[in-house]
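Reader: I would like to learn how to read features from a model. Can we take them one at a time?

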Amino acid sequence: MRNIVMKRRAVALLGAGVLALAACGSGTGTGASDAGGATPDAAETTASDRTEVGALTPRIVLAYEGGVVTLDSEDGAVLDDTALEGYVRLNPAGDGRHVAVSASDAITMYDTGLLAQGHGDHFHYYVQDPALTDLSVEAPHPGHVVPHDGRTALFADGTGAITIIDPSALADGELDVLEETATDDAHHGVAVPLSDGGLLTTQGTEDARSTVQVLDADGNVTAQTDDCPGVHGEAAAQPTESGDVISLGCENGSVIYRDGEFHKVAIEGDYQRSGNQKGTEDSPIVLADHKVEADPEGGIERPTEIALIDTRDATQQIVDLGSPYWFRSLDRGPNGEALVLTYDGELNILDPETGEILHEVPVTGEWTEPDEWQEAGPMLAVADGTAFVVDPAAQTLAMVDVASGEVYRELELPVVPHEIQVTTGTASGEYEVVSEGHDHDEHEGEEGSEEEHDHAEEEAHDHGASDDGGDHEDHDH
């Protein structure tokens with residue numbers, strides 16, 4: 001009897017636009033493990049509007065002035081349009097299905113209606129209508145939302161409150177709050193759940209912030225640095241044997257938490273800000289913006305250089321792209337590729353280790369960063385091996401296969417969006433199935449992608465410290 005480990009990654013089928021996650025035939029294997037975070041019992045408590053399908057199509061969630069709209073990525077069909085008051089921000093919730101919607105003084109979960117259900121040595125896939133749920137966390141001046149290692153941290157800038165939830169419970173209609181804590185003072189901060197049950201968090205005030213702490217599961221401080229002025233932006237990189245690796249932006253060079261300690265990235269000069277970062281746990285390299293003007297003319301620096309931060313030795317490589325970009329320009333590809341959308345309308349796809357530009361893909365018209373970060377501007381999100389690139393001026397979205405650099409689909413948008421998230425039904429887009437005593441061939445299981453925050457992560461950013469961690473504005477708001 002032998003174990004067969006099959007790692008499946010979702011693939012963007014050029015011209016088809018669906019996840020290559022076709023449901024398998026019945027198998028005899030046991031011990032299924034969903035690395036993407038699908039909820040084990042979610043499909044068994046079938047909702048009245050839920051339908052089983054043979055494959056999942058990514059869903060595109062767009063925030064615009066007045067609400068949130070969800071599109072089918074295959075044909076651009078509007079699946080839901082929910083009206084919301086106030087400025088709306090979007091972040092990955094951490095399960096690949098829900099999006100954390102920040103509006104007014106709350107963070108509310110939005111269900112995009114995709115579900116991958118592990119069943120023995122294969123998966124079943126379900127869709128239902130997207131909808132805003134009643135699962136909400138009070139968060140005055142809602143800030144960063146960071147999924148990491150099966151937990152998601154929600155930060156309220158107005159109070160310093162940190163709420164940590166289990167995103168896998170969202171599929172059951174539950175908001176499972178694992179922990180509630182707070183920083184010493186309210187500030188524009190961030191918290192990152194760690195794999196050992198601890199927490200990385202910033203400390204500061206409305207006037208200044210320069211401290212990052214790591215707390216163990218009992219709340220004791222195990223590591224701290226005060227050498228991170230203006231701390232902003234976070235990203236998780238490839239972990240070491242000792243555990244998590246987290247990079248954070250400062251105004252005097254980034255700082256990296258690795259092997260239980262903080263390590264400072266050396267810079268030239270006195271000022272260097274990388275307040276927006278994108279990472280992936282498959283790569284030790286973090287993609288970050290690279291700003292060197294402490295007092296830029298007009299209040300906005302328009303850098304043409306990006307930083308590739310090597311978390312293994314706390315060094316960075318600077319790459320000049322020859323055209324400016326802004327905080328919504330950064331993301332990561334399925335194999336760690338560094339993606340940067342520049343003013344000349346090109347999506348630059350780089351090798352993160354060498355800084356070599358692999359592809360320069362025309363995707364938008366020429367553009368410049370708006371004067372206010374809340375205004376709509378070109379942006380991107382990566383899921384299922386595809387970069388989803390929005391051109392608000394043209395009200396279009398281009399889908400780019402990251403591996404080949406080819407644009408394979410364009411959609412017209414019903415709104416002028418200012419934020420984007422794309423969901424696939426699983427947190428990473430990857431599946432690991434362990435089957436004993438059963439040789440079960442992969443079903444169209446070639447290499448594909450992962451979703452984030454980042455980060456996001458998106459950022460996470462706002463990539464993933466999810467895979468899309470740090471996808472937040474480079475402005476204090």
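Reader: Which residues does Phe-388 touch, not counting residues up to four places away in sequence?

Author: This is a predicted model. With contact taken as heavy atoms within 4.5 Å, Phe-388 touches Pro-58, Ile-60, Ser-73, Met-379, Leu-380, Ala-381, Ala-383, Leu-397, Ala-398, Met-399, Ile-420 and Val-422.

Reader: Which residues touch the most other members of the largest nonpolar core?

Author: That core has 18 residues, and those with the most contacts to other members are Ile-60, Leu-62, Phe-388, Leu-397 and Ile-420. Two or more residues each come from strands E4 (59-64), E5 (67-72), E33 (379-383), E34 (386-391), E35 (396-401), E36 (406-412) and E37 (417-423).

Reader: What should I expect of side chains along a strand?

Author: In a regular strand the side chains alternate between the two faces of the sheet. For E23, Val-255 and Tyr-257 lie on one side and Ile-256 and Arg-258 on the other, and all are buried, which leaves both faces covered.

Reader: Which residues stand opposite Val-255 and Tyr-257?

Author: Opposite Val-255 is Leu-248; E22 and E23 run antiparallel and are joined by three bridges. Opposite Tyr-257 is Phe-262 in E24; E23 and E24 (residues 261-264) are antiparallel too, with four bridges.

Reader: Where do positive phi angles occur in the hairpins of E22 and E23 and of E23 and E24?

Author: The hairpin of E22 and E23 has five residues between the strands, and Gly-253 takes a positive phi near 100°. In the hairpin of E23 and E24, with two residues between the strands, Asp-259 has a positive phi near 55°.

Reader: Is Asp-259 buried or partly exposed?

Author: Asp-259 has 37% relative accessibility and therefore counts as partly exposed. Its side chain meets that of Arg-258 in a salt bridge (3.4 Å, N to O). Arg-258 is buried, at a relative accessible area of 12%.

Reader: How many salt bridges does a search of the whole structure find?

Author: The search finds seven. In one of them, Arg-97 pairs with Asp-111, with the closest N and O atoms 2.8 Å apart. Arg-97 is in the loop between strand E7 (89-92) and strand E8 (98-103) and Asp-111 is in strand E9 (residues 106-111), so the pair ties together parts that are 14 residues apart in sequence. Both Arg-97 and Asp-111 are buried. Another salt bridge joins the side chains of Arg-312 and Asp-310 (2.9 Å, N to O). Arg-312 is partly exposed at 46% relative accessibility, whereas Asp-310 is buried at 13%. Salt bridges with shared partners also join Arg-89, Arg-328 and Glu-419 into one network.

Reader: Which residues are joined by a disulfide?

Author: A disulfide joins Cys-228 to Cys-250, with an S to S distance of 1.9 Å. Cys-228 is in the loop between strand E20 (221-225) and strand E21 (232-240), and Cys-250 in the loop between strand E22 (243-249) and strand E23 (255-258), so the link ties together parts that are 22 residues apart in sequence. The link is left-handed, with -95° about the S-S bond. Both Cys-228 and Cys-250 are buried.

Terms used
Residues are numbered from 1 along each chain as its sequence is written. This is a predicted model: local features need pLDDT of at least 70, side-chain atom pairs count only at pLDDT 80 or more; totals for chains, interfaces and linings use all residues. Side-chain values use heavy atoms; hydrogens and water are left out. A disulfide is a pair of cysteine sulfur atoms within 2.5 Å. Buried means under 20% relative accessible area, exposed over 50%, partly exposed in between (1.4 Å probe, protein chains only). A nonpolar core is a set of buried Ala, Val, Leu, Ile, Met, Phe, Trp, Tyr and Cys residues joined through side-chain atoms within 4.5 Å. Two strands pair if DSSP finds at least two bridges between them. A salt bridge is a side-chain nitrogen of Lys or Arg within 4 Å of a carboxyl oxygen of Asp or Glu.
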